[in-house]
Amino acid sequence: LGTRYRIGSTSKAVTATVLARLVDRGAMRLDAPASTWTRDLPNPQWAALTPRQLAAHTAGIVDYDQNRDFAGLFHSIRERKQFASVTEALSVFDGNSLKYAPGTGFRYSSFDVVLLAALMEQAAGATFLDLLEHEIARPLGTASLSADHQDRAVPDRATFYWRTDGVLKPWARVNHSYKWAGGGLIATSS
């Protein structure tokens with residue numbers, strides 16, 4: 001009951017809940033451009049994107065299979081690099097052009113949610129992980145909800161295994177700091 005598992009893309013729903021709380025407080029507006037919160041975006045095409053487009057996966061941002069930012073692609077495939085912040089993790093996909101004009105298509109993408117989390121950090125003046133703690137974990141009493149930190153010990157984290165030649169072996173450790181907001185959180189099943 002106390003084992004903490006990766007919750008994968010359910011992390012997106014948790015991030016959307018943090019967004020809803022920020023919108024409710026007036027810290028963010030769903031239809032304001034990204035440039036409202038920061039002019040220091042690593043990709044100038046992102047300046048006009050809105051939180052609504054990012055949350056709805058209609059912003060035109062690529063996902064893993066379309067990522068042509070080769071340094072970022074290397075780090076996301078290798079899953080070893082520790083990113084200090086959500087904003088730093090934008091480097092995994094910031095070299096890509098948008099795949100379509102924002103609002104004209106749909107493409108499910110973890111990267112949409114990573115950029116959204118970076119905007120949330122700017123709007124709230126707090127790190128994504130602090131927002132997660134103060135907006136979700138503490139108010140709801142979900143102390144087991146956190147980022148899946150591979151650079152430190154995490155109490156009660158599940159160990160993953162794979163089978164080869166009939167033998168179970170521990171799965172290689174992976175670092176999901178590049179996608180905490182879109183797929184890198186852990187929690188207990190309760």
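Helix H5 is largely enclosed by the rest of the structure, because 12 of its 15 residues are buried. The model described here is predicted. The buried residues of H5 are Ser110, Phe111, Asp112, Val113, Val114, Leu115, Leu116, Ala117, Ala118, Leu119, Met120 and Glu121. Their cover includes H1, helix H2 (51-55), helix H4 (86-89), H6 and helix H7 (180-183).

The length of H5 (residues 110-124) agrees with expectation: at 1.5 Å a residue, its 15 residues should span 21 Å, and its end C-alpha atoms are 21 Å apart. At the N-terminal end, H5 is capped by serine 109, with a side-chain oxygen 3.1 Å from the backbone nitrogen of phenylalanine 111. Glycine 125 follows H5 and has a positive phi, near 70 degrees.

Helix H1 (residues 10-25), one of the elements covering H5, contains serine 11. Serine 11 has a relative accessible area of 0% and is therefore buried, the cut-off being under 20%. When neighbours within four places in sequence are left aside, the contacts of serine 11 are Trp180, Ala181, Gly182, Gly183, Gly184 and Leu185.

The largest pocket holds about 190 Å³ of space. Among the 13 residues lining the largest pocket, Arg4, Leu145, Ser146, Ala147 and His149 are the closest to its centre. Two or more lining residues are given by each of helix H6 (128-140) and strand E2 (146-147). H6 supplies the largest share of the lining, three residues. By type, the lining of the largest pocket comprises eight nonpolar, two polar and three charged residues. H6 is also among the elements that cover the buried residues of H5.

Note on methods:
Residues are numbered from 1 along each chain as its sequence is written. This is a predicted model: local features need pLDDT of at least 70, side-chain atom pairs count only at pLDDT 80 or more; totals for chains, interfaces and linings use all residues. Side-chain values use heavy atoms; hydrogens and water are left out. On a 1 Å grid over the protein atoms alone, a cavity is a set of points where a 1.4 Å probe fits but cannot get out, and a pocket is an open set with protein on both sides within 12 Å along at least five of seven lines; lining residues have an atom within 4 Å of a point. Grid points are joined across faces, edges and corners, and a volume is the space filled by probe spheres set on the points. Helices (H or I, at least four residues) and strands (E, at least two) are DSSP runs, numbered from the N terminus. Ala, Val, Leu, Ile, Met, Phe, Trp, Tyr, Cys and Pro count as nonpolar, Asp, Glu, Lys and Arg as charged, and the others, Gly among them, as polar. Buried means under 20% relative accessible area, exposed over 50%, partly exposed in between (1.4 Å probe, protein chains only). Contact means heavy atoms within 4.5 Å. The expected span of a helix is 1.5 Å times one less than its number of residues. A polar contact is a pair of N or O atoms within 3.5 Å; within protein, one must be able to donate a hydrogen and the other to accept it, and residues adjacent in sequence count only if both atoms are side-chain atoms.
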